[in-house]
Amino acid sequence: MTSLGFSLAQARLAFAGQWLFDGLTVEFAPGSWTGLLGRSGSGKSSLLRMIADLPLPDTHELTLTTDDARPLTGRLAWMAQQDQLLPWRTVVDNVLLGPALRGRPSPADRQRAFSLLDDVGLADKARDWPKTLSGGQRQRVALARTLFEDAPVVLMDEPFSAVDAITRLELHELAARLLAGRTVILVTHDPLEALRLSDRILILAGQPATLSDFDVPPGQRPRALEAPDMLRLQPRLVARLHAPLTAGSRA
Ligand SMILES: Nc1ncnc2c1ncn2[C@@H]1O[C@H](COP(=O)(O)OP(=O)(O)OP(=O)(O)O)[C@@H](O)[C@H]1O
């Protein structure tokens, strides 16, 4: 898989005649992880939906240009807060959902699904039903399903928010390792998660909202919790997210 960067220009979105954002321009470097933060309702999920070309009810426009000038369609995977596992399909058949929707999974597809379940530490659960899994295990199946698509661009909308703190830290390690080289946009409300996993942190704030950068700690992702810069930046990021909506200054 080759890393793929892309840029957005003049992204605008209105609900009920009110601009949520108008004229956003941003680049996502190939293979980079961008943490996207902002208050509830600032438009983070809607921006992801626009990038994924998913339906939105109101006025929206976006110019998206990939580095290789080909469409992003078919080269993008999505991972959401809810694992969205289908209860009537076994774990491995959930991983195979993409090929099943496109036709009929081949034996090679099945082999790959088993191998991905092994990667996420769930080889022994492949033939179980989703209802027998814990929340963290279910999110690992969702990660395996995301990985199955082998997409160079991965959009993640609060993917780890529904699991306990320790499981979340484990999922960070797993996701950082298995999604290496992909261009990831990670929407999160968790400042620690953003500081651990991001090459770049963007904050969506204001009315209409604009994007501004916040410093990230140096070093490889996922960063150690106790790294001095993690400890230094965390309260500053929290303060920045709490700041009045006019805030636009850098960290
Ligand atoms: N389908 C819709 N119809 C009307 N308004 C919508 C729709 N989807 C989102 N909105 C509004 O757009 C705004 C942004 O919603 P969005 O879910 O993108 O924000 P968010 O930053 O992801 O929020 P959160 O952090 O709470 O998930 C909110 O005020 C929401 O009510």
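The structure is a predicted model, in which local features need pLDDT of at least 70 and side-chain atom pairs count only at pLDDT 80 or more, while totals for chains, interfaces and linings use all residues. Residues are numbered from 1 along each chain as its sequence is written. Helices (DSSP runs of H or I, at least four residues) and strands (runs of E, at least two) are numbered from the N terminus.

**Domains**

- The chain is assigned domain 1 (1-75 + 153-251) and domain 2 (85-150), with bounds that come from an automatic or database domain assignment.
- Taken over C-alpha atoms, the centres of domain 1 and domain 2 are separated by 26 Å, and the contact between them takes 11 residues from domain 1 and 10 residues from domain 2; two residues are in contact if their C-beta atoms, placed from the backbone, lie within 7 Å.
- On the side of domain 1 that touches domain 2, helix α6 (residues 165-178) gives the most, with 5 residues.

**The largest nonpolar core**

- A nonpolar core is a set of buried Ala, Val, Leu, Ile, Met, Phe, Trp, Tyr and Cys residues joined through C-beta atoms within 7 Å, and a residue is buried if 20 or more other C-beta atoms lie within 10 Å of its own, exposed if 12 or fewer, and partly exposed in between, with C-beta atoms placed from the backbone.
- The largest such core has 62 residues, of which Val95, Leu117, Ala144 and Val154 touch the most other members, and helix α5 (residues 135-148) gives the most to this core, with 6 residues.
- Because domain 1 and domain 2 both give residues to this core, it lies between them.
- Leaving aside neighbours within four places in sequence, valine 95 is in contact with Ala113, Leu116, Leu117, Val141, Ala144, Arg145 and Phe148.

**Helix packing**

- Helix α4 (residues 107-119) and α5 pack at an angle of about 135 degrees, with their axes 9 Å apart; axes are lines fitted to C-alpha atoms, for helices over the stretch in contact, and angles run from 0 to 180 degrees between N-to-C directions.
- The helices α4 and α5 are therefore oblique to each other, since angles under 35 degrees count as roughly parallel, over 145 as roughly antiparallel, 65 to 115 as roughly perpendicular and the rest as oblique.
- Their contact is made by Arg112, Ala113, Leu116 and Leu117 of α4 and Ala144, Leu147 and Phe148 of α5.
- Helices α5 and α6 pack at an angle of about 15 degrees, with their axes 11 Å apart, and are therefore roughly parallel to each other.
- This contact is made by Gly136, Gln139, Arg140, Leu143 and Leu147 of α5 and Thr167, Leu171, Leu174, Ala175 and Leu178 of α6.

**Backbone details**

- Most residues other than glycine have a negative phi, and most peptide bonds are trans.
- The peptide bond from glutamine 207 to proline 208 is cis, with omega near -5 degrees, and proline 208 lies in the loop between β8 (200-206) and β9 (209-214).
- The peptide bond from arginine 221 to proline 222 is also cis, with omega near -10 degrees, and proline 222 lies in the loop between β9 and α8 (228-242).
- Aspartate 53, although not a glycine, has a positive phi of about 60 degrees; this residue is in the loop between α1 (44-51) and β4 (60-66) and is partly exposed, with 13 other C-beta atoms within 10 Å.
- Glutamate 158, again not a glycine, has a positive phi of about 50 degrees; this residue is in the loop between β6 (153-157) and α6 and is partly exposed, with 18 other C-beta atoms within 10 Å.
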